[in-house]
Amino acid sequence: MADENEEIRQAVKVYKALGEPTRLKIALLLIEEMNLCCSDIGSKLESVAGSTLSHHLKQLTDCGLLDLRKDGTYIYYRVNREMAQKYAPYLLE
């Protein structure tokens, strides 16, 4: 029963994160182009302020949908395909 509750909590985190249109756009963008840094994502979305974009990336990372890799002062993001397959397979279509 505890494992089932954890699965439900994780699903809610992912769906809540993807329920915001900008975060959904970010996830879809990162499916198309893996390993983008914050500035690259911002330039492709155009209408999102840097601080807002950082908040969205944190939400997506905290729920496990995005993985990050630090390279010097840059942080590169990509979709965690295992999480996407489990909770949001439509992202991978």
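## Helix packing and selected residues in a predicted model

Glu32 is found in helix H2. The coordinates come from a predicted model, and every value below is computed from that model. With a relative accessibility of 67%, Glu32 counts as exposed, because the cut-off for that class is over 50%. Between the C-alpha atoms of Glu32 and Gly50, which stand 18 residues apart along the chain, the separation is 21 Å.

### Helix pairs

Two packed helices are described by the angle between their axes and the distance between the axes.

| Helix pair | Axes come within | Crossing angle |
|---|---|---|
| H1 (residues 2-18) and H2 | 6 Å | roughly 100° |
| H2 (residues 21-32) and H3 (residues 38-45) | 11 Å | roughly 110° |
| H3 and H4 (residues 50-62) | 10 Å | roughly 115° |

For H1 and H2, whose axes cross at roughly 100°, the angle makes H1 roughly perpendicular to H2. On the H1 side the residues that meet H2 are Lys16, Ala17 and Leu18, and their partners in H2 are Arg23, Leu24 and Ala27. Sorted by class, this contact of H1 with H2 holds four nonpolar and two charged residues, with no polar ones.

For H2 and H3, with axes that cross at roughly 110°, the angle makes H2 roughly perpendicular to H3. The crossing in which H2 passes H3 is right-handed. Helix H2 brings Thr22, Lys25, Ile26, Leu29 and Leu30 to the contact, while H3 brings Ile41, Lys44 and Leu45. The residues of this contact of H2 with H3 comprise five nonpolar, one polar and two charged.

For H3 and H4, the crossing angle of roughly 115° belongs to axes that come within 10 Å, and the two helices are therefore roughly perpendicular to each other. This crossing of H3 and H4 is right-handed. The contact is made by Cys38, Ile41, Gly42 and Leu45 from H3, together with Leu53, Ser54 and Leu57 from H4. By class, the contact of H3 with H4 counts five nonpolar residues and two polar ones, but no charged residues. Ile41 and Leu45 of H3 take part in the contact with H4, and Ile41 and Leu45 also belong to the contact of H2 with H3.

His55 has its place in helix H4. At a relative accessibility of 41%, His55 counts as partly exposed, because this value lies between the cut-offs of 20% and 50%. His55 and Arg23 are 32 residues apart in sequence, and their C-alpha atoms are 9.6 Å apart in space; Arg23 itself is one of the H2 residues that meet H1.

### Loops

Asn35 is placed in the loop between H2 and strand E1 (36-37). Although Asn35 is not a glycine, its phi is positive, at about 60°. The relative accessible area of Asn35 is 33%, which places this residue in the partly exposed class.

Gly64 lies in another part of the chain, in the loop between H4 and strand E2 (66-71). Once its neighbours within four places in sequence are left aside, Gly64 is in contact with Gln10, Asn80 and Met83.

### The aromatic pair

The count of aromatic pairs comes to one. The rings of Tyr74 and Tyr76 make up this pair: their centres are 6.3 Å apart and their planes stand at 35°, so the pair is tilted. The cut-offs behind that label are 30 degrees, under which planes count as stacked, and 60 degrees, over which they count as edge-to-face.

In terms of accessibility, Tyr74 counts as partly exposed at 45%, whereas Tyr76 counts as buried at 19%, because the buried class is under 20%. Tyr74 is found in strand E3 (residues 74-79). Apart from neighbours within four places in sequence, Tyr74 is in contact with Cys37 and Arg69. Tyr74 and Leu30 are 44 residues apart in sequence, and their C-alpha atoms are 16 Å apart in space; Leu30 is among the H2 residues in the contact with H3.

Note on methods
Residues are numbered from 1 along each chain as its sequence is written. This is a predicted model: local features need pLDDT of at least 70, side-chain atom pairs count only at pLDDT 80 or more; totals for chains, interfaces and linings use all residues. Side-chain values use heavy atoms; hydrogens and water are left out. Axes are lines fitted to C-alpha atoms, for helices over the stretch in contact, and angles run from 0 to 180 degrees between N-to-C directions. Helices (H or I, at least four residues) and strands (E, at least two) are DSSP runs, numbered from the N terminus. Angles under 35 degrees count as roughly parallel, over 145 as roughly antiparallel, 65 to 115 as roughly perpendicular and the rest as oblique. A crossing is left-handed if the near helix is turned anticlockwise from the far one by less than a right angle, and right-handed if clockwise. Contact means heavy atoms within 4.5 Å. Ala, Val, Leu, Ile, Met, Phe, Trp, Tyr, Cys and Pro count as nonpolar, Asp, Glu, Lys and Arg as charged, and the others, Gly among them, as polar. Rings of Phe, Tyr and Trp (its six-membered ring) pair if their centres lie within 6.5 Å; planes under 30 degrees apart count as stacked, over 60 as edge-to-face and the rest as tilted. Buried means under 20% relative accessible area, exposed over 50%, partly exposed in between (1.4 Å probe, protein chains only).
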